[in-house]
Structures are given as C-alpha cells and as structure tokens.
Amino acid sequence: MEGCVAPVTDDVFVEGTRHAPRVAETSEGAQEMAPRPETDDAELRREVGAVLRMAEGPVVNANDIDIERRDDETMIINMGPQHPSTHGVLRLMLELDGETVLRTKPVIGYLHTGMEKTAEELTYVQGATNVTRMDYLSPLTNELVFSMATEALLDVEVPPRAVWIRMLMSELQRVSSHLMWMATNGMDLGSTSMMIYGFREREMVLTFFEKTTGLRMNHNYIRPGGVAADLPDGWEDDVEVICETVLARSFEYDELLTGQPIFRQRTEGIGNLSAEEALALSATGPILRSTGVPWDLRRTMPYLAYDELDFDIIVGTYGDNFDRYSIRLNEIRESIKMIRQIAARMPPGDYRIQDRKVTPPPRARIDESMEALIHHFKIFTEGFKVPEGEVYVAIESPRGELGCYLVSDGSSKPYRMHIRGPSFVNLQTVPVLLRGGLIADAVAIISSVDPVMGEVDR
Amino acid sequence: MGFLDGVKDELSFLGGFKLTFEHLTRPRVTRQYPEEKKPKQPRQHGRHVLNRYEDGMEKCIGCELCAGVCPADCIYVRGLDNPPDHPVSPGERYGYVYEINYLRCIHCDLCVEACPTEAITESKLFEFSFTNRADAIYTKAELLVDDAGKPQKLPWEDWRDADELHTSGWMRATSPSGSAAYEGEVQWSAELGYGVRPPEGGQSGRRDDAATGTKALRDVLETHLLDEDIPLDHRGMRGRIWRGKLSAERHKKQLEAARQRHKEAKATRAADKTTTRGADKTSEDAVDEASTAPAGPEVDS
Ligand code: SF4
Ligand code: SF4
C-alpha cells in the first residue's frame with residue numbers, strides 16, 4: 001500500500017496550523033475524523049461547526065473551542081454508513097462528551113456511481129435515463145433540470161402543454177418526496193404510524209406516475225424537447241383524487257404529530273440554524289426557508305410557468321427541526337393548491353417541440369416518408385447535435401436548488417455535466433446543526449436535513 | 001375556561017391515539033403479495049417480447065436501432081438477409097440473433113420507441129428473477145411470441161392473467177413526435193393474436209378505457225380513498241365482507257389450481273410407472289389415472 005500514500009513532508013506546513021496537515025487525499029480514510037491533537041485549526045473549527053465563510057464572532061468564537069481538551073475525556077464514534085437512520089449510506093463521525101456532540105464530520109462517497117462521468121458517454125436522447133437516478137426520491141426534477149439545460153443550449157422553446165405537464169409532474173413529485181420525508185422523519189422520531197401513512201399516500205402519487213410514465217421511479221419521462229408521452233386518459237380525475245385524499249390526510253398528520261407534546265419536545269429548538277449561517281453555507285430549500293429567508297426559485301427566479309401560478313412560499317422563524325417539519329408539511333398543501341390550478345389550466349396542443357432535429361417523427365410517418373425515416377434513424381442512433389457552449393440552469397427541487405451545468409462541444413453528447421445537488425450542499429449544515437446537541441437528536445437532525453445520498457455522491 | 005384549556009392541552013396527545021384507532025375501521029391498503037397484485041397499467045414497462053405480424057412473419061428487420069439507442073448497452077442484434085425461399089420477415093433482412101441482457105436492462109423503453117416496425121415491445125411482466133447469469137440473457141428463443149402471439153412463459157417468471165394483454169402499451173402511448181394531431185390514431189401494424197391494438201384517446205377525445213386497459217386511480221386504489229369517495233357498497237362493514245369474499249374466492253382458486261397441478265403430477269408419475277412396467281401388466285387404477293393424464297412420454301418397446 002506504500003505507493004498509494006503520499007509522504008508527509010515538512011514543506012507543506014501551512015502557517016497557522018499547529019500540526020502537519022494530513023496528506024491531501026480524497027480517500028475515505030483521509031475524510032475520517034482524527035483526535036484533536038492531530039487536527040489542524042481550520043479543520044477543527046469546521047468540525048465543531050464554525051461557518052468558515054462568516055466572521056468568527058457571531059458563530060463560533062475561537063476561544064470557545066476547547067482545543068486543550070484532553071483526548072481521553074471524549075470519544076470519537078462512527079455512525080453509519082449502514083446505520084438505518086442516516087438515510088442511505090451517510091457516515092457521520094461524532095466526537096462525544098457523554099451524550100453531547102462536540103464535533104461532527106460527515107463522510108461521503110459510499111454511493112458514488114460516477115453519473116456525471118457517465119453523462120459524457122450518453123447522448124442527449126439517452127441522458128435523461130442517467131440523471132434521473134441521482135435524487136431517487138424525486139427523479140422527475142432531475143430529468144427536468146437536465147432537459148432544461150439542454151434546451152437552453154439548443155435555444156428552443158418547448159410547447160406550452162409540455163411546460164404545464166412538467167409543472168404538474170414536478171409538483172406531484174414534490175408532494176411524493178415530502179410525503180416520503182414525513183414518513184421517514186416520523187420513523188426517526190419513533191412514530192411508526194406516520195411512516196405507514198406517509199408511504200400510503202405516496203403510493204397514490206407513484207401509481208399516477210406509473211400510469212403516466214410506465215415506471216414508478218427513474219421515469220425517463222421529461223426529456224430534452226418536451227415530455228415522452230401525453231397525460232394518460234382520465235388524468236384529470238386521477239390528479240383530483242390524489243389532491244383530495246392527500247390534502248385531507250395531511251390534516252391527520254397534524255393531529256398525529258404537529259400537536260403532539262412529545263413530537264414538539266423532540267423537534268422544537270433542536271438543530272437551530274440562523275439565516276446568516278444558512279446563507280453562508282449555501283443551504284437552500286426547506287433548510288434555508290426554515291430560517292426565515294423566503295428564497296424559492298419558483299418565485300425568485302421563475303422557470304417553466306410558475307409565475308402564472310398563485311402560491312405562497314412557506315418560511316419558518318427559528319430554523320429548528322420543527323420549522324423544517326412544518327415547512328414540508330405546508331409545502332405539500334401548497335403544491336396541491338398548485339396542482340389544482342395546473343390541472344384546471346392545462347393547455348391543449350403538442351407536448352414535444354416539432355423540430356425534426358430534436359424530436360422523432362410520428363410513427364405513422366416512418367412508413368410513408370423517407371425523410372421521416374432518416375430523421376428517426378438519426379435521432380435514435382447518434383442523437384441530435386447541440387451547439388457549442390455552456391449553461392447553468394437551476395430549479396427548485398424538493399430539497400433545494402438543483403442545478404445543472406452543461407458544457408457542449410457541438411457534438412451529440414455533453415462534454416461535461418455537473419450537477420449542483422442540494423443534498424450535497426445542505427449536508428454542510430449538519431456539523432452546525434449538531435453542535436452541542438444530544439446524540440439522541442442527531443438522528444432527528446439528519447432526517448430534517450433530508451439528504452438523498454444518490455444526489456450527494458452522484 | 002383556563003383550567004379546561006389546560007386539561008385539553010395536556011390531553012392533546014389523545015388525538016393521535018384516536019387517529020390510529022380509527023384506522024382499525026378503515027379498509028386495509030396493503031395487499032397479500034404475491035398472491036394478490038396491484039393491477040398493472042397499460043403503459044407499464046416490463047419484460048420485452050419480439051412481435052410477429054398476423055401472418056406469423058417476424059416484425060424485426062435486424063436494423064439494430066434498438067441496440068444503438070439502448071443506454072445500458074444490453075441489446076445484441078445481428079441481422080441477416082432473408083432466405084429467399086422461406087423468408088422470416090417481410091423485409092430484406094431479419095433479426096438473426098437477438099439478445100437482451102436483463103442484468104443490465106433498466107426498462108427505459110427507448111428501444112421500444114426506436115424500433116421502426118414495432119417489433120420489440122414490452123409486456124407487463126416485471127417479476128422475474130434468475131438463479132444464474134445465463135438465464136438472464138434472453139435470446140430470440142425466449143423473446144419471440146409463440147404461434148398464438150402470446151409471450152412465452154418461462155419457469156422463473158411470475159405471469160398473471162392480464163400481464164400479456166397490453167404489451168406495447170408504451171409504444172402506443174408515446175406517439176413519439178409529441179404531436180397532438182397524431183393522438184388517438186393507429187400508427188402501428190397488427191400483431192399476431194391481437195390484431196390492431198387500439199390507441200389511447202389522449203387529446204383526440206376518443207377514449208376507450210375498456211379497449212386500452214387504462215384503469216382509473218379511483219378503482220386501483222379504492223382502499224386508499226377517503227371514506228366518502230369509496231363506493232357506497234364497498235364502505236364499512238359491507239365492504240369488509242365483500243373484500244373478505246373476494247380473498248376467499250382467490251384462495252379457493254389457488255387451492256384448486258394447486259390441487260390440479262398435484263393431480264396432474266401424480267397422474268404423470270403413474271403413467272410413467274405403468275409404461276415402464278410394461279403395457280400388459282396394467283392394473284385397474286393405473287389405467288384410470290393414465291387415461292386422465294396429459295400425454296405422457298411415449299414408449300417405444
Ligand atoms: S428498455 Fe432500455 S435498457 Fe432495456 S433494452 Fe430497451 S433500451 Fe435497453
Ligand atoms: S427490434 Fe426493431 S429496432 Fe431492433 S433490430 Fe429489430 S427492427 Fe430494428
């Protein structure tokens with residue numbers, strides 16, 4: 001193994017650190033939390049939960065950090081990656097003093113699948129099948145951001161029906177993702193009933209997805225140029241029955257959790273985050289909104305046709321677990337409000353752009369026209385060429401700002417794709433949220449951040 | 001009031017108990033899988049089939065479009081010129097080798113959309129598992145529909161009644177151009193055993209759920225609904241009895257099927273025995289059993 005580890009040399013000492021910086025490695029071992037004497041100042045502060053981009057004063061006073069604390073008073077324990085409450089394969093290293101968490105370090109990379117690299121090997125036609133697997137709890141939003149980025153490079157407008165179908169599907173996706181969160185969060189706090197109920201309601205949305213896209217997840221439904229298929233026969237009633245049922249059930253969750261003294265005690269004032277901290281850590285989504293910052297890309301940088309809908313942005317006040325819970329619960333209701341508006345205003349017409357370079361011809365035309373046949377062959381073999389350029393497109397996924405940075409070299413495959421995963425960025429808040437808290441709350445706090453590891457590691 | 005409010009606050013946790021107890025009276029949303037399965041929608045993606053025209057000719061022309069578009073690289077096709085005396089497909093060429101590796105397939109159905117002759121489509125079957133890797137690679141022998149146009153049922157696949165009914169649902173749903181003008185139009189050729197399949201209505205308004213197999217969420221998820229949305233005769237106690245009867249019937253059917261299988265197996269065994277023992281020494285009951293048994297192995301002594 002010798003060749004794998006770069007030697008620590010004296011000349012890489014950085015001023016201000018008391019110890020030799022640990023070898024610059026990206027391996028899992030190098031990500032681990034080390035005892036205090038072996039950790040440099042900056043690292044120690046980060047693990048303690050200092051927000052390094054903020055002035056030190058308000059956040060963590062350097063004097064508060066007890067760097068002289070002796071090792072044998074504290075204990076470093078490992079939580080995950082196989083811990084059932086870390087929502088996938090998140091691994092946390094915690095330094096504990098009894099029950100109190102002193103330092104936290106998230107270790108990631110256990111679900112790394114190289115999707116960004118894979119994207120360079122797939123054409124834009126095939127690309128949606130790949131990106132949809134990142135955030136597996138909201139596959140449609142992944143497809144949406146990829147498609148929108150491709151369309152921005154192509155400089156095309158998708159037809160209105162496609163836009164509204166996309167909106168309908170993303171809002172349903174938000175409902176299903178938040179329901180799933182309600183379920184797992186309930187489970188993490190010991191409410192098994194909530195888990196069953198959450199899954200029960202999510203099933204309705206998934207059944208509708210199944211009916212529309214043919215699959216329950218990883219749909220490959222939203223594609224560059226529009227959506228793969230029109231809404232199925234009878235979708236109006238299906239959507240209405242989902243709205244009606246989920247809305248009524250959301251008030252049952254209120255009864256089960258919101259008003260419950262035990263639930264409130266376990267969530268109120270736990271895992272506090274201030275607006276400054278959230279902004280400095282680039283947190284987005286419900287985490288940022290829980291601190292009172294009304295930042296929601298659907299409102300602040302409208303895409304699709306969100307500016308035509310009437311909806312509220314839910315914000316919190318204290319930035320604690322309870323705020324994050326109630327934001328998600330209320331966002332379900334807000335989304336249902338939007339779904340009803342979308343269903344009422346769904347425009348008729350084409351659902352894919354009628355550009356033969358991007359969209360295959362109608363099946364009926366293949367047998368009639370040589371030109372149609374050639375287009376059909378070209379699209380399904382080499383795909384379509386996208387003009388050179390780079391673009392960044394961001395949308396509001398259930399977890400926050402989901403961005404897609406796409407570089408094209410003029411061929412039919414992306415030269416580079418990068419995804420700004422909200423889960424990845426939001427995970428930075430975990431050391432801050434856990435600082436000084438109890439180990440028993442760690443599970444509740446991780447859950448309230450709602451990380452999806454598929455998106456963190458990509 | 002202050003006192004009462006205080007008591008109310010203290011007892012607010014009871015609301016949660018009330019809710020969970022209420023669930024005792026609500027219909028159960030889970031199903032007894034795998035005996036009972038959720039109905040499948042026509043667009044559902046599943047195991048592929050290779051279709052044939054009504055005259056029995058294969059639809060595949062070996063163009064390799066499906067292999068080209070597959071993002072998982074799991075299709076292997078080799079085309080060959082049709083033998084002039086007994087052509088396999090109506091075109092110039094036919095798919096000589098056709099393999100799909102189900103350890104790789106992600107059921108994205110891009111192959112289905114790409115196929116110009118609607119040769120490859122998907123059935124509704126997704127519950128199949130293998131005990132070795134070779135079984136996971138389906139060749140033409142497994143994928144091609146039989147002489148009645150039905151998909152072949154392999155021993156490790158869990159086929160149910162309606163699984164083969166709406167194959168190619170996704171191909172019919174997509175109308176790949178995304179053009180509203182082509183919705184509700186037949187854009188595909190007839191299939192062996194099923195003829196020309198009906199299109200989904202879409203925006204054309206020519207909707208026919210019975211023909212296309214589309215099921216409303218209200219029916220599929222009846223037990224999920226709010227009480228007032230559940231049809232009157234499926235509500236409350238009456239609904240329970242009705243569902244109980246359904247499941248009893250299902251059980252009875254399964255039991256009968258199992259008995260039938262058992263009987264057939266026994267009969268085959270008995271037939272085997274008698275034939276090996278020699279035709280002249282048949283005992284009375286063995287004859288009876290052998291005569292009801294499905295064609296046993298032939299003896300050539
Ligand atoms: S469904 Fe997708 S992954 Fe499977 S064979 Fe077809 S193109 Fe390939
Ligand atoms: S199945 Fe269709 S796409 Fe694939 S080789 Fe045959 S004809 Fe071509």
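Ligand 2 has 14 residues around it, and Cys60(B), Cys63(B), Leu65(B), Cys66(B) and Cys115(B) come nearest. Sorted by class, the shell of ligand 2 consists of 10 nonpolar, 3 polar and 1 charged residues. The model described here is a predicted one.

Around ligand 1 stand Cys70(B), Ala72(B), Cys74(B), Ile75(B), Ile100(B), Cys105(B), Ile106(B), His107(B), Cys108(B), Asp109(B), Leu110(B) and Cys111(B). The shell of ligand 1 divides into 10 nonpolar, 1 polar and 1 charged residues.

## Backbone features of chain B

His107(B), one of the residues surrounding ligand 1, has a phi near 55°, which is positive although the residue is not glycine. In most residues other than glycine phi is negative. His107(B) sits in the loop that runs between β3 (93–101) and α4 (110–114) of chain B.

Another backbone feature is the cis peptide bond between Tyr33(B) and Pro34(B), with omega at about 0°. Most peptide bonds are trans. Pro34(B) belongs to the loop between α2 (14–22) and β1 (48–50) of chain B.

## Domains of chain B

Chain B is assigned two stretches: domain 1 covers 48–214 and domain 2 covers 233–292. Between the C-alpha centres of these domains of chain B the distance is 34 Å.

## Where chain A meets chain B

The contact between the chains involves 55 residues of chain A and 53 residues of chain B. On the chain A side, at least two residues each are supplied by α3 (124–131), α6 (192–213), α7 (235–258), α8 (261–267), α13 (363–366) and α14 (370–381). Of these, α7(A) gives the largest share, with 9 residues. The side of chain A that touches chain B is made up of 23 nonpolar, 18 polar and 14 charged residues.

## A helix pair in chain A

Two packed helices are described by the angle between their axes and the distance between the axes. In chain A, helix α4 (residues 139–154) and helix α5 (residues 160–188) have axes that come within 8 Å and cross at roughly 140°. The two helices, α4(A) and α5(A), are therefore oblique to each other. The crossing in which α4(A) passes α5(A) is left-handed.

From α4(A), the contact uses Leu140(A), Thr141(A) and Leu144(A), while α5(A) contributes Arg166(A), Met169(A), Ser170(A) and Gln173(A). By class, the residues in this contact of α4(A) with α5(A) are 3 nonpolar, 3 polar and 1 charged.

Notes
Residues numbered from 1 in each chain as written. Chains lettered and ligands numbered in written order. Predicted model: local features only at pLDDT ≥ 70, side-chain atom pairs only at ≥ 80, totals over all residues. Axes fitted to C-alpha atoms, helices over the stretch in contact; angles between N-to-C directions. Helix = DSSP H or I, 4+ residues; strand = E, 2+ residues; numbered from the N terminus. Parallel < 35°, antiparallel > 145°, perpendicular 65-115°, else oblique. Left-handed = near helix turned anticlockwise from the far one by under 90°. Contact = placed C-beta atoms within 7 Å. Nonpolar A, V, L, I, M, F, W, Y, C, P; charged D, E, K, R; others polar. Near = placed C-beta within 6 Å. Domains from an automatic or database assignment.
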